[in-house]
Amino acid sequence: MPDQLVFAMEVILNGLMAGVLYALVALGFVLIYKASGIFNYAQGVMALFAAMTLVGIMKGQVPFAHLINATFGTHIHYFGWNVPALLAIILTMAVMVLLAWAVQRFVMRHLVGQEPIILFMATIGLAYLLEGVADLMWGSEIKTLDVGLPQGINLWIDESTFNIFGYGFFIDNLDIVATVIAALLVAALVAFSQYTKQGRAMRAVADDHQAALSVGISLNFIWVMVWSVAGFVALVAGIMWGTKSGVQFSLSLIALKALPVLMLGGFTSIPGAIVGGLIIGVGEKLFEFAIGPMVGGATENWFAYVLALIFLVFRPQGLFGEKIIERV
Amino acid sequence: MLDSSEGYVTEDGRKIGGVVMEMKNITLRFGGVVAIKDISFDIREGEIRAIIGPNGAGKSSMLNVISGFYVPQEGEVWFHGSKRPQMRPFEVAQQGIARTFQNIALFEGMSVLDNVMTGRLGFMKTNIIQQALWKGKAEAEETENREAVEKIIDFLEIQHIRKTPVSRLPYGLKKRVELARALAAEPKLLLLDEPMAGMNVEEKEDMSRFILDVNDEFGTTIALIEHDMGVVMDLSDRVVVMDYGRKIGDGTPDEVRNNQEVIDAYLGVSHD
């Protein structure tokens with residue numbers, strides 16, 4: 001088998017794994033967009049916030065330590081304990097639910113019935129506010145996140161591919177874990193929205209507010225729930241990205257990578273977010289591998305956006321989005 | 001006849017029970033505009049109660065007060081013998097008051113069946129894990145709710161469109177789906193906001209028949225708003241007549257028909 005083909009296979013596999021991570025972020029967008037028609041620009045920052053909170057709790061950091069020390073002239077930074085990963089994840093989730101409640105109570109509730117662009121602007125404001133709060137709470141230095149997920153090259157794949165092709169594939173264990181977790185997450189989300197009372201109520205609210213009220217659904221409750229679920233997805237994405245490349249502010253920029261994913265998959269489709277993520281992941285790695293050297297590399301920076309642009313021209317609703325039919 | 005707290009018997013021999021809902025001195029203002037002015041009336045168990053009046057009389061406002069969409073500045077709402085605290089619309093719905101809307105509020109993206117199923121959300125008691133895993137009681141519960149819904153779908157003769165997305169249905173059928181969804185909640189009180197508005201004669205006749213059948217078959221207490229006098233008089237047991245936010249008549253269709261103030265309101269008399 002020619003070497004180039006074997007390389008390409010490895011590139012595709014790695015692309016799929018990267019795509020899973022894009023898909024995880026895109027999922028959070030889809031959830032909120034489906035249920036409330038809001039494009040939540042803050043989704044990426046939510047992932048950052050979740051990851052920072054998780055690290056902070058695990059290391060026993062005192063929240064707002066800098067602020068407290070500056071105000072009272074003290075020098076406290078750590079409680080002096082370490083919280084086990086699982087407990088820290090649960091606590092972080094509680095913080096995300098609290099955040100969801102606060103967003104609904106103090107921002108979104110006052111904007112019910114406003115134009116989508118206004119809601120979008122509100123989420124931009126939210127993104128920067130949250131970034132500031134995260135900074136203030138946990139400090140702005142780059143942190144490492146280790147919740148005990150396996151990392152490094154998967155030796156079994158390395159060996160078995162070496163035996164077959166004479167060339168060992170480099171697949172990161174973390175990427176495999178991310179894939180499994182993403183699959184579980186999607187299955188859970190689908191089961192939730194199709195079969196549970198809360199999921200059905202969520203779809204009802206997404207469709208018509210008045211009708212939802214008339215069958216006894218509390219809009220506030222559903223919106224808090226949706227933002228909580230999006231917070232949970234952000235937490236999962238934050239853990240994956242944080243473990244991979246450290247918890248830092250550039251994490252919030254992965255939100256921008258989710259945009260082309262959504263263009264491809266459609267803003268309203270959960271499977272679309274996954275497939276879109278995989279296409280972007282594989283596409284950008286393969287493009288860099290095949291075409292990159294000819295144009296001087298660094299195609300990963302723009303490939304996804306150009307692909308999204310092409311999609312916008314030919315299929316604006318995305319692969320799985322609801323088709324927009326205008327009656328004339 | 002109407003004074004008895006024990007209820008009364010209608011002309012066609014149906015037994016009407018005690019008071020289900022009582023509105024006491026309701027006043028509703030929007031800024032300086034008085035939409036409802038000091039109106040009191042009651043709705044009794046098993047009856048079809050109509051609220052009629054010319055456009056802008058405040059009928060829809062009254063229905064919105066009952067269903068919690070509007071909060072009156074003055075007056076009390078009594079439901080099943082106790083004063084109702086201020087409630088939000090979804091809480092009113094959970095209490096057993098279902099409604100339809102003048103401008104149809106359906107879940108356009110869902111099928112007819114899914115729409116009607118949302119009326120059963122209040123009957124889903126198993127927990128979220130059971131439902132997600134489709135385990136244990138969740139499946140039995142789903143079957144039970146599904147049966148109740150199928151019964152209503154049969155009853156309203158919309159079997160043939162069960163799987164059709166609501167957005168594709170004509171107006172008259174949408175109204176019927178909305179009625180089905182309200183019925184699925186097994187309401188103690190069913191509010192219909194202009195159920196016949198915008199319908200042709202045939203559709204109106206169908207709808208009238210369904211309203212009567214629902215009342216007869218399920219014993220549902222119904223309060224409806226309509227400005228088509230003819231339809232209302234045939235359907236209802238008692239009628240409240242509103243004009244400019246005031247109550248100008250209350251009684252059986254015959255009593256109302258012969259009420260001079262009502263005649264003036266409908267035919268137009270100069271208010272000096």
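Author: Two strands are said to pair if DSSP finds at least two bridges between them. In this predicted model, strand β6 (residues 74-79) of chain B is joined to β7(B) by 2 bridges, and the two strands run antiparallel. Within β7(B), Ser82(B) is the bridge partner of Phe79(B).

This pairing belongs to an open sheet of 4 strands in chain B, ordered β4-β3-β6-β7 and paired in antiparallel fashion. The edges are formed by β4 (33-44) and β7 (82-83) of chain B; each has a single partner strand, so one side of each is left without a neighbour in the sheet.

Chain B also meets chain A: 23 residues of chain B are in contact with 19 residues of chain A. On the chain B side, the elements that give two or more residues are α2 (89-94) and α4 (128-133). Of these, α2(B) gives the most, with 4 residues. By class, this side of chain B comprises 14 nonpolar, 6 polar and 3 charged residues.

Two packed helices are described by the angle between their axes and the distance between the axes. The axes of α1 (residues 3-36) and α10 (residues 219-245) of chain A come within 9 Å and cross at roughly 175 degrees. As angles over 145 degrees count as roughly antiparallel, α1(A) and α10(A) are therefore roughly antiparallel to each other. Their contact includes Leu24(A), Gly28(A) and Leu31(A) of α1(A), and Trp223(A), Val226(A) and Ala230(A) of α10(A). It has 19 nonpolar, 2 polar and no charged residues.

Terms used
Residues numbered from 1 in each chain as written. Chains lettered and ligands numbered in written order. Predicted model: local features only at pLDDT ≥ 70, side-chain atom pairs only at ≥ 80, totals over all residues. Contact = placed C-beta atoms within 7 Å. Nonpolar A, V, L, I, M, F, W, Y, C, P; charged D, E, K, R; others polar. Axes fitted to C-alpha atoms, helices over the stretch in contact; angles between N-to-C directions. Parallel < 35°, antiparallel > 145°, perpendicular 65-115°, else oblique.
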